[in-house]
Amino acid sequence: MIEAFLVEREPWIRRHLDHHAATRARLAARPAIGSGREILYLGSAHSVRVEPAPAGARATRVSRVGGDHGDELVVERVPRDHRPTAAILEAWFRGRAREAISLALQRRGPGIGVVPGPIAIRDTTSRWGSCSRSGALSFSWRLILAPPPALESVAVHELCHLRIFGHGPAFQQLLATHAPDHTRWRRWLRQHAAELHAALDDPDPPALDRRYTSIFLDS
């Protein structure tokens, strides 16, 4: 039975493995952060520019700017800040993610008839969001890299779990009512999962291979 299943699914398996290999090679070939790499933020590509902080600055600052040559994330680093640029950006992204997700929950909760409690911002590879039986909500900070409607669709998904735990027909109907395009954004997140999870990684083909195989086989 297993052999018959594998034979039947061989074209699908090969297609996804080829897709995985191509994505792995593309990610491994990227330039270093701050040396030409583009990183998604709010679904749009941003180049990273690192420069010394202005005289008198007390802390490193990250800002988003737009120009004739595209959007940038500018890291103004103070001399005493020895963190890698990736760590500085991750801290900034986490703050932006908490703000955006909290706003989405506050905005959409009343329409669903729920009041969310405090949220946790984590870095998970298997889920974009989760809801425990006690009603605790958790989200991946990497949602801030995706288009805002993708982030909001995950927020609505977890809010619906505050009404209905599980993914049965009643839940699916509730979700479709409040997020009619949720399947589109779920598909987008699945297709871009490797890129979002490797956004701040250094090129490392073996690590990429181990980390993202399951993402593509689950696509």
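Mentor: Cys160 is buried, at a relative accessible area of 0%. Cys131 is buried too, with a value of 12%, under the 20% cut-off. The model is a predicted one, and a search of the whole structure gives 0 disulfides.

Now the rings. A pair of aromatic rings is described by the distance of the centres and the angle of the planes. The count here is 4 aromatic pairs. Tyr41 belongs to strand E1 (residues 38-41) and Trp92 to helix H2 (residues 85-112), so the contact ties together parts that lie 51 residues apart in sequence. Both Tyr41 and Trp92 are buried.

Tyr41 also pairs with Phe93; their ring centres are 5.7 Å apart and the planes stand at 35 degrees, so this pair is tilted as well. Again distant parts of the chain are linked, with Tyr41 in strand E1 and Phe93 in helix H2, 52 residues apart. The relative accessible area of Tyr41 is 6%, so the residue counts as buried by the limit of 20%. Phe93 has a relative accessibility of 0% and is likewise buried.

Taken together, ring pairs join Tyr41, Trp92, Phe93 and Trp141 into a cluster.

Terms used: Residues are numbered from 1 along each chain as its sequence is written. This is a predicted model: local features need pLDDT of at least 70, side-chain atom pairs count only at pLDDT 80 or more; totals for chains, interfaces and linings use all residues. Side-chain values use heavy atoms; hydrogens and water are left out. Rings of Phe, Tyr and Trp (its six-membered ring) pair if their centres lie within 6.5 Å; planes under 30 degrees apart count as stacked, over 60 as edge-to-face and the rest as tilted. Helices (H or I, at least four residues) and strands (E, at least two) are DSSP runs, numbered from the N terminus. Buried means under 20% relative accessible area, exposed over 50%, partly exposed in between (1.4 Å probe, protein chains only). A disulfide is a pair of cysteine sulfur atoms within 2.5 Å.
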